[in-house]
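Please open the model in your viewer and keep the selection tool at hand. The tour moves from one selection to the next and says what is found at each stop.

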Amino acid sequence: MSWARFVLANLWRNPLRSALTAGAVALAVALVSLLLTMPAGMDLLLDRLASNTRISVHHKAGVVYTMPAAFTRKIRQVDGVAAAVAMSWYGGAYEEAGRVTFPNFAVEAEHVGAVYPDYRIDPVELDDFLRYRDGAIVGRGTLRKYGWKIGDRVTLKSTIYPADLEVRIVGEIPNDAAPMLWLRRDYLDEALKARGWAGLGNANVVWVRVADPNRVNAVMRDIDDLSRNSEAETASETEKSFFGNFFGSLDGLVRIILLITSLVALCIVFIAANTTSMSVRERAGEIAVLRALGFSRAAIFRTLVAEALLLAGGAGLLGVAMAWGLTGTLRALAGWNETLGPLGNFTVTPAVVAQGVALSVAVGLLAGVAPALGVVRRPVAEALREVF
């Protein structure tokens with residue numbers, strides 16, 4: 001019998017125990033592999049959401065603070081700026097509970113199309129947005145959520161301003177995941193003035209499209225220099241960085257999940273080590289006989305470690321395959337069900353495969369080395385006395 005066949009035969013001495021151990025290792029590797037896809041999946045999501053030529057300009061203290069809307073005109077004069085649009089959070093609630101269930105902003109209708117050409121909004125709908133003072137453009141995701149369609153009128157109750165507005169849906173953002181609603185700044189401005197306010201003279205964010213991607217950093221510096229030492233100093237950042245800050249709150253959760261996963265993996269190591277120790281104890285007599293027949297300690301040690309590595313390595317490959325199949329299924333489902341959100345972006349990359357297999361090999365080594373060292377160090381006579 002060859003050495004490889006001998007190792008395989010030992011693995012199948014107790015098929016049920018080997019299968020259960022392999023299943024535990026496979027599940028642990030699959031869980032770890034799925035979690036390892038999260039950082040890359042979030043980056044992919046941000047890459048899909050963000051443009052490499054669009055930047056956000058907001059108050060240095062944060063987006064909840066406002067800056068003069070007139071600052072937008074100065075931004076448009078900066079060299080390298082192709083277009084800019086001022087946005088103010090309207091905070092309109094549609095449902096009876098008065099909760100804001102989708103983001104809605106008052107925007108400059110004449111500039112929004114130039115800042116968001118990648119959104120591929122129908123030019124006719126953009127013209128209607130300019131034509132109707134009460135016009136609104138809504139993301140396809142929100143249209144589907146509430147069953148709205150172009151031509152419908154919707155009443156929004158602001159949680160910020162004393163102005164509830166009825167808007168006419170004149171266009172859509174053709175993206176299944178797009179949740180936002182844009183209404184016109186001048187419409188909100190007139191409504192506020194009619195209620196005795198000074199009007200809408202501020203903005204939360206100014207979105208800017210830069211003509212040349214290579215000049216994004218230079219344009220951000222020039223814009224921030226315009227507001228230096230003013231009452232509303234600005235902080236410019238790329239669109240990817242802007243959205244990334246909102247996902248930053250998930251970092252703590254991810255760390256906790258990774259910690260729990262590490263503990264689970266450690267438990268799996270102990271389970272595999274216990275299984276290997278049981279297997280070695282059951283074969284104490286055979287190992288003593290092999291030693292008595294002249295087999296070296298090194299040969300027996302290699303055999304026992306090879307068994308543990310083969311079992312854990314095979315289970316690791318199965319676990320990676322399980323993670324790959326699950327992420328593939330999620331991507332397929334996300335194609336027609338937008339409620340899955342970022343889950344459709346998780347992908348098992350070659351790096352994740354390598355890390356999953358490396359984890360399984362580490363489990364095999366940790367589970368196999370200690371029992372193997374213990375059995376090969378025992379004197380042959382002592383082992384034989386316990387057997388016979």
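Which residue forms a salt bridge with Asp225? Select Arg228: its closest N and O atoms to Asp225 are 2.6 Å apart, where a salt bridge is a side-chain nitrogen of Lys or Arg within 4 Å of a carboxyl oxygen of Asp or Glu. Arg228, at 43% relative accessibility, counts as partly exposed, and Asp225 does too, at 44%; here buried means under 20% relative accessible area, exposed over 50%, and partly exposed in between, with a 1.4 Å probe and protein chains only.

Before going on, note that this is a predicted model, in which local features need pLDDT of at least 70 and side-chain atom pairs count only at pLDDT 80 or more, while totals for chains, interfaces and linings use all residues. Residues are numbered from 1 along each chain as its sequence is written, and side-chain values use heavy atoms, with hydrogens and water left out.

Next, select Asp186 and Arg133, whose side chains meet in a salt bridge with an N to O distance of 3.4 Å. Asp186 lies in helix 7 (residues 185–194) and Arg133 in the loop between helix 5 (123–131) and strand 6 (135–139), so this pair ties together parts that are 53 residues apart in sequence; helices (H or I, at least four residues) and strands (E, at least two) are DSSP runs, numbered from the N terminus. Asp186 is partly exposed at 27% relative accessibility, and Arg133 is partly exposed at 39%.

A search of the whole structure finds 16 salt bridges.

Now turn to strand 8 (residues 165–173), which is largely enclosed by the rest of the structure because seven of its nine residues are buried. Strand 6 runs parallel to strand 8 and is joined to it by five bridges (two strands pair if DSSP finds at least two bridges between them), with Val138 standing opposite Glu172 of strand 8. Strand 7 (residues 153–158) runs antiparallel to strand 8, with four bridges between them, and the two form a hairpin with six residues between them. To finish, select Val154 together with its bridge partner in strand 8, Val167.
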